[in-house]
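Please read them alongside the coordinates.

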Amino acid sequence: LIGQGVIIVIILLMIVSIYITIERYMLIRKANQLDASFMHRIRENVLNGNVAAAKDLCARNTSPVAHMIGKGVSRLGRSLRDIKEAIENQGGLEIYRLEKNLNILATISGAAPMLGFLGTVTGMITTFANLAEGNNAVDQLMGGLQESMLTTVFGLITAIILQIFYNYITSKVDGLANSMEDATISMIDILVD
């Protein structure tokens, strides 16, 4: 009975994790949609003194890179240090937004095998309780052992799948963070020219 409860909890946690993974994947996919000529067009507009066009280009794009560069463009006329700081601060906010709920995936990934082992222990307790009561029926012994093994399997399968999801999403966030860093360097290079 306890083992069934543990399996239900693990399945519910898996459903929550799949939802988070899909939601993060969609957000990151959308965040990666940046026109390859974006920084070139920003460069042209800034060097030609057309700051309004550069701001408009950033405002029309929903990617984290555009948000960061837009923050830098809005600070044009201030010191290079102020511009760089504004871009980096916006970058931190964008990374925070991209990593939202990833800690839940990591927590569930770590908790799932422990829940499975909890079910294993309760199944073994049931088995030993049946033996202590003199219930030597094979069905009763096998039921406790089956409960033990099933909860372990559910916990481990869930943990393995979620670890793959977590690593995949984290690698995508890291890739986007690298793109954001490249854009920051490009923007600073434009201003130094």
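1. Val65 is buried, with a relative accessible area of 5%, where buried stands for under 20% relative accessible area, exposed for over 50% and partly exposed for the range in between, computed with a 1.4 Å probe on protein chains only. The residue belongs to helix H4, and helices here are DSSP runs of H or I with at least four residues, numbered from the N terminus. Leaving aside neighbours within four places in sequence, Val65 is in contact with Leu34, Phe38, Ser179, Met180 and Ala183, contact being taken as heavy atoms within 4.5 Å. Val65 and Ile169, by comparison, are 104 residues apart in sequence and 18 Å apart in space, C-alpha to C-alpha.

2. On provenance, this is a predicted model, in which local features need pLDDT of at least 70 and side-chain atom pairs count only at pLDDT 80 or more, while totals for chains, interfaces and linings use all residues. Residues are numbered from 1 along each chain as its sequence is written, and side-chain values use heavy atoms, with hydrogens and water left out.

3. Helix H4 as a whole is mostly covered, since 8 of its 11 residues are buried. The buried residues are Pro64, Val65, Ala66, Met68, Ile69, Gly70, Gly72 and Val73. Ser63, in the loop between H3 and H4, also counts as buried, at 0% relative accessibility. Ser63 touches Ala31, Gln33 and Leu34, not counting residues up to four places away in sequence.

4. How do H2 and H4 pack against each other? Helix H2 (residues 38-47) and helix H4 (residues 64-74) pack at an angle of about 15°, with their axes 12 Å apart; the axes are lines fitted to C-alpha atoms, for helices over the stretch in contact, and the angles run from 0 to 180 degrees between N-to-C directions. H2 and H4 are therefore roughly parallel to each other, given that angles under 35 degrees count as roughly parallel, over 145 as roughly antiparallel, 65 to 115 as roughly perpendicular and the rest as oblique. Their crossing is right-handed, a label used if the near helix is turned clockwise from the far one by less than a right angle, with left-handed used if anticlockwise. Phe38, Met39 and Ile42 in H2 meet Val65, Ala66 and Ile69 in H4. By class, this contact of H2 with H4 has 6 nonpolar, no polar and no charged residues, where Ala, Val, Leu, Ile, Met, Phe, Trp, Tyr, Cys and Pro count as nonpolar, Asp, Glu, Lys and Arg as charged, and the others, Gly among them, as polar.

5. The largest nonpolar core has 31 residues, of which Phe38, Met39, Ile42, Ile69, Leu98 and Met187 touch the most other members; such a core is a set of buried Ala, Val, Leu, Ile, Met, Phe, Trp, Tyr and Cys residues joined through side-chain atoms within 4.5 Å. At least two residues of this core come from each of helix H1 (2-31), H2, helix H3 (51-59), H4, helix H5 (80-99), helix H6 (102-132) and helix H7 (138-192). H7 gives the largest share of this core, 8 residues. Leu98 touches Arg24, Leu27, Ile28, Ala31, Pro64, Val173 and Leu176, again not counting residues up to four places away in sequence.

6. The crossing of H1 and H6 is left-handed. Among the residues that meet are Ile2, Gly3, Val6 and Ile10 in H1, and Leu102, Ile104, Gly116 and Gly119 in H6. The residues of this contact of H1 with H6 divide into 14 nonpolar, 6 polar and 1 charged.

7. Thr151 lies in H7 and counts as buried at 0% relative accessibility; leaving aside neighbours within four places in sequence, Thr151 is in contact with Gly3, Val6, Ile7, Ile10, Gly116, Gly119 and Thr120. Ile161, also found in H7, is partly exposed, with a relative accessible area of 28%, and its C-alpha atom is separated by 8.2 Å from that of Ser109, 52 residues apart along the chain. Met142 has its place in H7 and counts as partly exposed at 48% relative accessibility.
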